[in-house]
Amino acid sequence: YSLESLLSELDSEAAARIGCVKLLTNQYSKLLLSSFINIRTEKKFSKIFNLGFPVNRVDWTLENIYNISKGSNLTLIPVSDNLFTQLKPENRILISWKLGLPVIADSTPSHLRLERTLNLPLVYHRDWSYSLNSFNSEQAEEQVIAGKEYLKENHSEDLLLKKWDLVFQSL
């Protein structure tokens, strides 16, 4: 998994800077196309819990996302390379920008589309070591400003209400 490769590339110095990684995910995940088989997340990602620095799994809830974001300065979005993740939308990036956090993400069609739209580095094509070492505060600030502007122009409450109005008017 990309998350494992990301964390395995962190040296002890980088781990000391990070302090603790918060892994926001569900306690159980379903196998692709096997909706009846649940796998414990800790088992699925067991390697990352033994890398010499703290990794805490936290349930994926809106409240936890908000609370963890207050003490964070970056969102990492590693994804496995499979059909299921390649079809996922960019909602995790949008949530991070809404919370004022810059993002480093794996390559998916939706992530690449955002990167092209904003014309800013966002996707780091699985080279996590380079990504983490080269990403600086200026890039982070620029990305969050552009991301919030993108949200305002494309995902604002006013825009959403106007779109719903058009739907109802068409009936």
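What percentage of the 171 residues in the protein is made up of buried residues? Buried residues make up 34% of them, where buried means under 20% relative accessible area, exposed means over 50%, and partly exposed covers what lies in between, with a 1.4 Å probe and protein chains only. Before you select anything, note that this is a predicted model, in which local features need pLDDT of at least 70 and side-chain atom pairs count only at pLDDT 80 or more, while totals for chains, interfaces and linings use all residues. Residues are numbered from 1 along each chain as its sequence is written, and side-chain values use heavy atoms, with hydrogens and water left out.

**The whole chain**

Begin with a cartoon view, in which the secondary structure comes to ten helices and six strands; helices (H or I, at least four residues) and strands (E, at least two) are DSSP runs, numbered from the N terminus. Of the contacts with a separation of 6 or more, 61% are between residues 24 or more positions apart, a contact being heavy atoms within 4.5 Å. If you switch to a surface view, the protein exposes about 11,100 Å², of which carbon and sulfur atoms supply 54%; accessible areas come from the Shrake-Rupley method with a 1.4 Å probe, and for residues only the protein chains shown count as cover.

**The salt bridge**

Next, select Arg 113 and Glu 90, whose side chains meet in a salt bridge at 3.1 Å, N to O. The structure holds one salt bridge, defined as a side-chain nitrogen of Lys or Arg within 4 Å of a carboxyl oxygen of Asp or Glu. Because Arg 113 lies in helix H7 (residues 109-118) and Glu 90 in the loop between helix H5 (83-86) and helix H6 (91-98), the pair ties together parts that are 23 residues apart in sequence. Arg 113 counts as partly exposed at 43% relative accessibility, whereas Glu 90 is buried, with a relative accessible area of 11%.

**Helix H6 and its partners**

Now show H6 together with H7, whose axes come within 9 Å and cross at roughly 50°. That makes H6 oblique to H7. Axes are lines fitted to C-alpha atoms, for helices over the stretch in contact, and angles run from 0 to 180 degrees between N-to-C directions; angles under 35 degrees count as roughly parallel, over 145 as roughly antiparallel, 65 to 115 as roughly perpendicular and the rest as oblique. Where the two helices meet, look for Ile 93, Leu 94 and Trp 97 in H6, and for His 111, Leu 114 and Leu 118 in H7.

The axes of H6 and H9 come within 9 Å and cross at roughly 110°. On the H6 side, the contact is made by Leu 94, Trp 97 and Lys 98, and on the H9 side by Gln 143, Gly 147, Lys 148, Tyr 150 and Leu 151. Lys 152 itself is exposed, with a relative accessible area of 59%.

**Two last stops**

Select Asn 119 in the loop between H7 and helix H8 (128-134). Its phi is near 55°, a positive value in a residue other than glycine, and Asn 119 is exposed, with a relative accessible area of 69%.

Finish at Trp 164, which lies in helix H10 (residues 157-169) and counts as partly exposed at 46% relative accessibility. Together with Leu 160, Val 167, Phe 168 and Leu 171, Trp 164 makes a nonpolar surface patch of about 580 Å². Patches are made of residues with over 30% relative accessible area and no salt bridge, with like charges joined within 9 Å and nonpolar side chains (Val, Leu, Ile, Met, Phe, Trp, Tyr) within 5 Å.
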